[in-house]
Amino acid sequence: MRKHAFRSRADVLAALVCAAAYPASLRAHHSTAEYDAATFVEGRGEVVKVLWQNPHIRIEISTARFDGVSELWLLEGQNPTDLDRAHIPRDIVKVGDAVTFAGNPSTRRERRMYVTNVLLQDGTELALRANAVPRWSPNRYLSHTQATVDPARAAADRAEGIFRVWLPTASKTPDWASDPPLTDAARAAWQSYDAVRDDPVIDCTAPGMPQVITRSGRYAIRFAQAGSDIVLKNEYREIDRAIHMTAAAGERRAPTPLGYSTGKWDGASLVVTTTDISWPYFQLYGLEGILQSTAMKIVERFTPSSDGTELTYDLEATDPNTFTRTVTAAGYRTFRWQPGFEFLPQDCVLEGAGDE
């Protein structure tokens, strides 16, 4: 287990040894950066260890029983919260089980895989990645896509404007992300960024702005009234963001990872301005490793559709130490109203935690 210390801007800018750039398909999520999404490997072995905890389940497989060679594979898969919502038992994979497995191998470490499919002894197949489809048992498989919501709870759920549960449905990387308008210093830092080495979220550190909303995966958000202010609740790491509706924007405060957010209504849209951010990186899907400074200013716009069933998220970011101009991401994320959706806890456990 390693403890992550944020690298200062000076530290990052001093590290000018360029790492090879990852294809966009490998940048979908912080902890999958080392896996080759274009390559599949298949094997068979005996389960020797199971850790069914966030941020991803981990399974250790020994192949010795089948090929006589004592090799251990470490498989990393779907987050347990999605699997819990689909009512997939946490003990469905047990130590001693003989399983067939397939997935995307690591580009850095031997016998390491982001597992997409596991075939159990009884013929049941688990699909353990967001876009995974059955490989062996098309009529007998379990996937997080089979998640259901209690009908009675859904029927009783009442929408009150923006104050409801929203489930992300899509993200759209802005066109400029392939060649972001960076200052010379920021570009040098970007080129030296290594997701496996540098991303603090890998070590279960709760993300700051804007990563908490721009790279929060499939986790839902919910707006709640808190007196005259608003709280934006995120199922991802169970993070609450305070949005101050009566405070004046522009007043400087001590920087924090989430920064200081002020809000205002523009018709039905909620416009949120966040400053004083101490989180080190500006992250979007398709773009990561952009070092940001405490001068970063982020303006978000949450706009419900006319029928109230969808929510569009727009982003604008300004940081003279990072970008040569203000960058925008119109329609970057879309959410849909999910009646009856119940937030589930997301307990995060570091790799190696609990090892004897």
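These are my notebook entries on one predicted protein model.

**Ground rules.** The model is predicted, so I kept local features only at pLDDT of at least 70 and side-chain atom pairs only at pLDDT 80 or more, while totals for chains, interfaces and linings use all residues. I number residues from 1 along each chain as its sequence is written, and side-chain values use heavy atoms, with hydrogens and water left out.

**Overview.** I looked up the protein chain and found 7 helices and 18 strands. Both are DSSP runs numbered from the N terminus: helices are H or I with at least four residues, strands are E with at least two. Of its 356 residues, 49% count as buried, where buried means under 20% relative accessible area, exposed means over 50%, and partly exposed is in between (1.4 Å probe, protein chains only).

**The barrel.** Which strands make up the closed barrel? I traced 9 strands in the order E8-E9-E10-E11-E12-E13-E16-E17-E18, with mixed pairing. Two strands pair if DSSP finds at least two bridges between them.

I then went through some of the pairs. E8 (residues 165-171) and E9 (residues 221-226) are antiparallel, with 2 bridges, and Val165 sits opposite Arg222 in E9. E9 is also antiparallel to E10 (residues 229-234), through 6 bridges. There I found Phe223 facing Leu232 in E10. The E9 and E10 hairpin has 2 residues between its strands, and Gly227 takes a positive phi near 65°. Further along, E16 (residues 297-304) and E17 (residues 310-318) are antiparallel with 8 bridges, and Phe302 has Tyr313 in E17 as its bridge partner.

**The nonpolar cores.** I wanted to see where the greasy residues gather. A nonpolar core is a set of buried Ala, Val, Leu, Ile, Met, Phe, Trp, Tyr and Cys residues joined through side-chain atoms within 4.5 Å. The largest one has 46 residues, and Ile221, Phe223, Leu270, Phe282, Phe302 and Phe323 have the most contacts inside it. A second, separate core has 20 residues, including Ile61, Phe101, Leu120 and Leu128.

Leaving aside neighbours within four places in sequence, Leu270 is in contact (heavy atoms within 4.5 Å) with residues including Phe223, Ile230, Trp265 and Phe302.

**Ser261.** Is Ser261 buried or exposed? Ser261, in strand E12 (residues 260-266), is buried, with a relative accessible area of 2%. Its side chain makes a polar contact of 3.4 Å with that of Arg241. A polar contact is a pair of N or O atoms within 3.5 Å; within protein, one must be able to donate a hydrogen and the other to accept it, and residues adjacent in sequence count only if both atoms are side-chain atoms.

**Strand E4.** The E4 and E5 hairpin has 6 residues between the strands, and Arg111 takes a positive phi near 55°.

**Helix H5.** Last, I looked at H5 (residues 184-191), where Ala186, Ala189 and Trp190 are buried. Down the axis of H5, the buried residues fall within an arc of 100° (taken from the directions from the helix axis to the C-beta atoms), so they line one face of the helix.
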